[in-house]
Amino acid sequence: MPANRPVLLGDQNQPPSLLHSLAAYHNEGRANPAKGNSPLSLTSRPNARAVLKDKHEPVNVLPLGSSQPVKPDSTLVKRDPEDAEANVLESSHDSDNGEAAASAEAMFRMQREMVSDEVSEEIDAFLKTSPLYNWQARHWTGIPTSHSPPRTKSELTDKLFAVISAIMEKFGKCGASRQLKKTHHIKLFHEMADIESARHYSSPSLAIVAEGSSFELPPPNQPVNALDEECEPQLIGFTNITTCIEVTQYAELSDDNFSEENETHAVHAQQIFLHQPNRRFVRTISVDEMGVDLFHIDRSGLHRGSMNNYHSHFGARSFIRMIIALCSLDEEVLGLDTSVRWKVDAAGRKTRGTLTVKDDETKKTTRYDLTSVQPIFKQYRLGNRGTVCWSVRDRNKKQTMIVKDSWRKEGTRPEYENLKKARGLDGIVQMVSYEVERSQTMDFVSAMHIKDDPTGGAANLIHSRVVMEQYGRHLGHFESEKQFLCALRDVIAAHRRLYMKGDTVHRDMARGNILLGKHGALPGNQGILIDLDMAEQRGTVARKADEVVGHLQYLSISRLLNVAADDDMLAHDYLDDVESGFYVTATVMYEYDGPNKLQDPCPEFLNQWLEFQDTTTCQENLEFKKKFMLSERPADPTQYMGSYWSPASRVLLQKFYKFTREIAQKKVKIRECQDDSWKARMDKLYSESDVLRNYDRVLGFFDEAIAKISKSENKKTGGATVGRKRLAAEEDPVEDLNVEEKPRQLRARRQRQRT
């Protein structure tokens with residue numbers, strides 16, 4: 001990045017993979033080197049099995065062909081100031097493609113249509129009379145062209161500030177609610193999932209500062225940067241801006257900084273999404289002496305369109321309409337979801353809020369009160385499901401519930417269908433209501449989304465909302481050994497119910513998807529399985545052997561073989577989830593030495609295990625688990641457990657390990673079959689008798705350990721032993737993502753160990 005570029009990161013360790021979270025999350029969203037890149041869609045994949053997921057988010061790996069990074073056409077980067085067709089809007093990816101130009105035109109047309117056609121004459125009148133524009137010369141006054149003496153970036157910024165301010169004052173009708181500010185000297189601090197990265201910041205050239213329901217002042221003294229002694233209260237941050245505007249110079253434009261510019265705007269968008277959690281999309285712009293680049297970022301990716309000349313009559317009109325849209329008082333136009341509303345006090349802080357749901361089943365509209373002005377969970381990556389969860393309270397029922405907003409690829413199974421199948425089943429999150437289709441990314445930039453386009457095109461994502469019952473905290477917040485084992489036992493039993501009665505495979509058994517039951521919950525509901533958006537019907541999943549989903553740390557050996565060894569022979573089945581259940585059990589017992597107490601020092605074995613967080617580590621992940629589970633001599637799974645865990649838990653882990661090892665070995669042998677006999681062997685594993693026997697074996701391990709711990713407790717208290725009966729329950733479907741318990745911060749722990 002050039003040294004004089006206006007957007008600087010707080011330090012040079014900003015994760016370089018942010019664009020990968022924007023680019024091509026889905027199969028349709030990839031660049032196709034054979035037929036040219038999709039118009040206006042940044043969809044390159046550096047790896048055919050690239051995964052764009054949060055650090056502790058489930059993986060969704062789809063089989064892809066090879067792809068190449070997007071390269072801009074040089075004729076687009078160096079714009080011709082004498083271009084006779086100044087009103088032609090070209091794609092930043094393929095200027096020779098007529099479809100690309102048409103798509104770019106459609107993108108800007110959508111921006112223009114946000115402003116009433118009735119103001120066209122008013123815009124012309126402004127251009128004819130304003131000292132900032134020369135109508136005869138078709139040129140913004142004081143802004144040089146490539147034939148004019150170059151100005152410094154500071155001078156160009158001042159000129160553009162004057163032009164945009166005048167446009168906002170004349171057409172914005174927003175007064176103090178929207179104000180253009182110079183921000184190249186201001187630190188707009190980042191919110192990061194990793195606390196060690198919390199000192200990053202951006203300084204865009206200009207920003208439009210906003211007031212309104214969805215905006216508030218930045219956190220006082222920037223608590224995310226508490227270690228920064230120079231930190232002072234700020235009036236501008238990602239919490240209260242509508243957009244970022246980058247001022248660049250024509251001479252800087254080149255193929256080399258094309259991706260850097262995309263990265264810059266991706267960072268801006270990511271932070272706006274994080275600080276304004278009801279965002280559906282973000283639009284930002286880059287302006288130089290001659291042209292404008294518009295960046296539209298939603299959950300489907302980053303889309304970029306270029307206007308070669310904003311000086312011509314047509315270009316100036318389009319530029320004005322663009323600015324009006326970027327400072328609009330209509331929060332829907334800005335990309336905000338107005339079903340979530342806040343009250344903002346005189347100090348500029350959100351104090352309370354509401355969330356409105358229209359149930360697709362009953363057609364009833366309910367307005368809930370937010371229990372917190374901030375969501376209880378949100379994802380830090382852009383190009384994924386964009387899950388945001390809110391804690392809400394029903395005014396009439398006096399109940400607290402969870403509302404989950406997420407995006408899914410068009411054509412995939414919506415989560416509410418899985419939750420319907422789980423209704424009434426013990427141990428599975430219960431759904432209260434849902435909205436199937438609240439919006440679609442194709443509606444935001446309709447020309448960018450080409451249905452069933454084999455050449456690429458950005459995937460259309462659908463926004464849905466699910467309201468669910470609220471349960472306890474995540475598994476890592478267990479308060480006793482018995483509570484931990486009971487929760488896991490109930491979740492495994494719930495997984496069986498979902499499989500046997502709901503005809504559904506969960507496919508994402510992970511620590512973050514297991515909650516403790518409600519206070520006083522009876523056996524069967526002392527552990528709750530959540531997050532059913534990866535789940536599939538048993539018949540469907542058999543046809544998706546090439547699809548790998550789930551949290552990488554807990555993926556079974558069979559699933560890792562599908563990724564790392566590119567062996568799509570076996571589909572995801574219930575035994576893969578049971579194996580993941582063993583990994584959840586083991587990692588918690590290795591990490592914790594009691595309730596809310598981490599092992600210190602942490603076993604290096606666990607440190608290595610928890611490093612497997614993205615697909616670049618799939619091969620290492622596979623080799624690690626093969627050595628642990630499939631070595632000729634069985635490992636001792638108890639050697640890494642803390643002293644807190646009783647002999648009953650140690651025996652449980654040994655038996656669970658032995659069972660998991662046996663199943664993993666069977667599957668490896670099935671893969672090695674040289675004939676069709678492998679199908680019969682898999683059919684046997686899927687037979688009802690084998691399914692019940694396998695689940696019963698695992699549940700028996702837990703029942704035995706729980707009974708021993710209960711007996712020991714009763715001996716200490718002198719009470720009678722209370723039996724624990726757990727019967728297979730019905731079905732029930734709802735998901736809840738309460739404040740997520742994350743695996744320990746590895747780097748922080750290592751730092752502590754070094755010191």
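A crossing of two helices is left-handed if the near helix is turned anticlockwise from the far one by less than a right angle. The legends below describe close-up views of a predicted model.

**Figure 1. Overall composition of the predicted model.** The protein contains 20 helices and 25 strands. Of its 755 residues, 61% are buried. Among contacts between residues at least 6 apart in sequence, 73% join residues at least 24 apart. No disulfides are found in a search of the whole structure.

**Figure 2. Helix H13 passes helix H16 in a left-handed crossing.** The axes of H13 (residues 557-564) and H16 (residues 618-629) come within 9 Å and cross at roughly 145°. On the H13 side, the residues in contact are Ile557, Leu560, Leu561, Val563 and Ala564. These meet Cys618, Gln619, Asn621, Leu622, Lys625, Lys626 and Met629 of H16. By class, the contact of H13 with H16 comprises eight nonpolar, two polar and two charged residues. One of the H16 residues in this contact, Cys618, is buried, with a relative accessible area of 3%.

**Figure 3. Helix H13 also meets helix H17.** The axes of H13 and H17 (residues 647-671) come within 9 Å and cross at roughly 40°. Ile557, Ser558, Leu561 and Asn562 of H13 make this contact with Ala664, Lys667 and Arg671 of H17. The residues of the contact of H13 with H17 divide into three nonpolar, two polar and two charged.

**Figure 4. Thr617 in the loop between H15 and H16.** Thr617 has a relative accessible area of 17% and is therefore classed as buried, the cut-off being under 20%. Leaving aside neighbours within four places in sequence, Thr617 is in contact with Glu611 and Phe612.

Figure 5. Phe582 is buried, with a relative accessible area of 0%. Apart from neighbours within four places in sequence, Phe582 is in contact with Phe628, Met629, Leu653, Phe656, Tyr657 and Thr660. Phe582 and Ala510 are 72 residues apart along the chain, and their C-alpha atoms are separated by 9.9 Å.

Figure 6. Asp490 belongs to helix H11 (residues 481-500). The relative accessible area of Asp490 is 1%, so this residue is buried. A polar atom of the Asp490 side chain lies 3.4 Å from the backbone nitrogen of Asn525. Cys486 is likewise buried, with a relative accessible area of 3%.

**Figure 7. Arg423 in the loop between helix H9 and strand S19.** The loop that holds Arg423 lies between H9 (415-421) and S19 (431-440). Arg423 is partly exposed, with a relative accessible area of 29%. The side chains of Arg423 and Glu361 are joined by a polar contact of 3.0 Å. Arg423 and Leu498 are 75 residues apart in sequence, while their C-alpha atoms are 9.7 Å apart in space.

Figure 8. Most residues other than glycine have a negative phi, and most peptide bonds are trans. Lys398 is not a glycine, yet its phi is positive, at about 55°. This residue lies in the loop between strand S17 (388-394) and strand S18 (399-409). Lys398 is exposed, with a relative accessible area of 56%. Asn596 also has a positive phi, near 55°. The loop between H14 and H15 holds Asn596, which is exposed, with a relative accessible area of 60%. Pro601 is placed in the loop between H14 (574-591) and H15 (604-610). The peptide bond from Asp600 to Pro601 is cis, with omega near 5°.

Terms used. Residues numbered from 1 in each chain as written. Predicted model: local features only at pLDDT ≥ 70, side-chain atom pairs only at ≥ 80, totals over all residues. Heavy atoms only, no water. Helix = DSSP H or I, 4+ residues; strand = E, 2+ residues; numbered from the N terminus. Buried < 20%, exposed > 50% of the residue type's maximum accessible area, 1.4 Å probe, protein only. Polar contact = N/O pair within 3.5 Å; in protein donor to acceptor, adjacent residues only side chain to side chain. Disulfide = S-S within 2.5 Å. Axes fitted to C-alpha atoms, helices over the stretch in contact; angles between N-to-C directions. Contact = heavy atoms within 4.5 Å. Nonpolar A, V, L, I, M, F, W, Y, C, P; charged D, E, K, R; others polar.
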